Number of protein chains: 2
Amino acid sequence: MTLTVFTFDWLPEFPRGFVRDLRVRWILEELGRPYRVDTFPAHPKSQRHHDMQPFAQVPVVQDDDLTLFESGAILMHLGEGTALLPVTKRAEVTQWLFAALNTVELSVMHWVNMVLAERVPEFFGPAPAVEVVAHARQEMEAKLEALQDAIADKAWLAGNFSIADIAMVEVLRVVEAEDALRGFPILVAYVDRATSRPAFQKAMADHMQHWHAADTAQAAATTA
Amino acid sequence: MTLTVFTFDWLPEFPRGFVRDLRVRWILEELGRPYRVDTFPAHPKSQRHHDMQPFAQVPVVQDDDLTLFESGAILMHLGEGTALLPVTKRAEVTQWLFAALNTVELSVMHWVNMVLAERVPEFFGPAPAVEVVAHARQEMEAKLEALQDAIADKAWLAGNFSIADIAMVEVLRVVEAEDALRGFPILVAYVDRATSRPAFQKAMADHMQHWHAADTAQAAATTA
């Protein structure tokens, strides 16, 4: 059976390019695995969505009779037994996967949630004071500095390109989009190296095409 | 070779009981695996620490010739092939492990960092305004509500007790310590169920004993 990736039916402009179905599209392109896309309504959330994903987030994948959520777990499941999660590098790749999705992302999102509150308070709540945001940025930059040191002599986090790089680059792209990665040239080069891979390019094109198609469908429905 | 768990040599009162070596001690007690403890100076951080853990965090474990950091990866490595990460439940347990260390912990730490800033600004920076903290709490409570629904009919997240429960309970204990779990009786019962396990009790006792011994050593050094 073809694997199914679930994302939202439509979203406003600001999260496009960063919705987490992209991580799953990326690994599937790296692996050359075909997939179909299904959707959940973004608002209001559906019962079907809650039944498949308790936090009503995306992505969710269906792979035969397995339904799976959490992009980290999906990367591990799909990467299993492939060059993206080699058995001989399992512990090291997993270590960097958690470094991306826990250590680095915790500190990135603590700051990014504050920055987004300045722009999109209806989603992210009232904006914190300048000195609060500055402290969160400083904490994040300490993590980025350490990460930069760790990959200074390496192309990828754990030997060859792996699922850990997909996760880490997706976290760093958020920092880059907020124009906060420039002080870390090694990380900028790392992100460029990863996002110039054909698999990323294809995944991103399909991801953006999904939202364009959703806009068109919505426009058609409005004028119908 | 006996496994080694690295933690800090000494820490002030406030993080004791929550330092992440506890997660590793807990799984090792569940598995009945003996271990020794080694330490890094908390301040200033040592070169050895940076060499073994790029972010200079704890825990780190040494298991024969493998050095591993990130508590999520350590739980997977140690759980592998045991009842705490059964092969037949691998995807499901991993999914809940990432739910704990990404979805839930991201939202918990966003709030907890703000609350701790009110109490320990020298570590956590200036405290955000009341309405900022309130919004972060609301976001966290939405996640806790969803988690509570998800385990309402279950003793544990994925069948029997697993590494996902160790991670999730360790995240929830932080919420409980800030007196913010009371509105979620099913989660309180879940945490109680987990922390009444003999393996947790032993791990916590040894964890606290480590800090007491560090206090004693420090006091002896001061008066020497």
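Two residues are said to be in contact when heavy atoms of theirs lie within 4.5 Å of each other. Keep this meaning in mind while reading on, and keep in mind as well that the model is a predicted one. A:His110 belongs to helix 4 of chain A, which covers residues 90–119, and its side chain is joined to that of B:His110 by a polar contact of 2.8 Å. With a relative accessible area of 14%, A:His110 counts as buried, because buried means under 20%.

When chain B is turned by 180° and shifted by 0.0 Å along the axis, it can be laid on chain A with an RMSD of 0.0 Å. The two copies are therefore related as by a two-fold rotation axis. The same surface serves both copies, for 100% of the contact residues of chain B recur in chain A.

How much area do chain B and chain A bury between them? The value is about 3,500 Å², and 70% of it is on carbon and sulfur atoms. Three residues, B:Phe55, B:Gln95 and B:Phe98, supply 19% of the area that chain B buries against chain A, which is more than any other three residues supply. In terms of contacts, 44 residues of chain B meet 44 residues of chain A. Between the two chains there are zero salt bridges, whereas 17 residue pairs are in polar contact, with both residues at pLDDT 80 or more. Several elements give two or more residues to the side of chain B that touches chain A, among them strand 4, helix 3 and helix 6 of chain B. The largest share of that side, 18 residues, comes from helix 4 of chain B.

Within chain A, the strands deserve a look of their own. Strand 1 (residues 3–8) pairs with strand 3 (residues 60–63) in the antiparallel sense over three bridges, and strand 3 pairs in turn with strand 4 (residues 66–69), again antiparallel, over four bridges.

Helix 3 of chain A (residues 71–79) has eight of its nine residues buried, so it is largely enclosed by the rest of the structure. Among these buried residues are A:Ile74, A:Leu75 and A:Met76. The helix is followed by A:Gly81, whose phi is positive, near 80°.

A:Ala56, in the loop between helix 2 and strand 3 of chain A, has a positive phi near 55° although it is a residue other than glycine, and A:Ala56 is buried at a relative accessible area of 4%. In chain B, B:Glu70 likewise has a positive phi, about 75°, without being a glycine; B:Glu70 lies in the loop between strand 4 and helix 3 and is buried, with a relative accessible area of 5%. A cis peptide bond joins B:His43 and B:Pro44, with omega about -10°, and the bond from B:Val58 to B:Pro59 is cis too, with omega near 5°.

How values were computed:
Residues are numbered from 1 along each chain as its sequence is written. Chains are lettered from A and ligands numbered from 1 in the order in which they are written. Side-chain values use heavy atoms; hydrogens and water are left out. Copies are superposed by least squares on the C-alpha atoms of residues with pLDDT of at least 70 in both. Buried means under 20% relative accessible area, exposed over 50%, partly exposed in between (1.4 Å probe, protein chains only). A polar contact is a pair of N or O atoms within 3.5 Å; within protein, one must be able to donate a hydrogen and the other to accept it, and residues adjacent in sequence count only if both atoms are side-chain atoms. Two strands pair if DSSP finds at least two bridges between them. Buried area is the accessible area (1.4 Å probe) that two parts lose on being put together, summed over both. A salt bridge is a side-chain nitrogen of Lys or Arg within 4 Å of a carboxyl oxygen of Asp or Glu.
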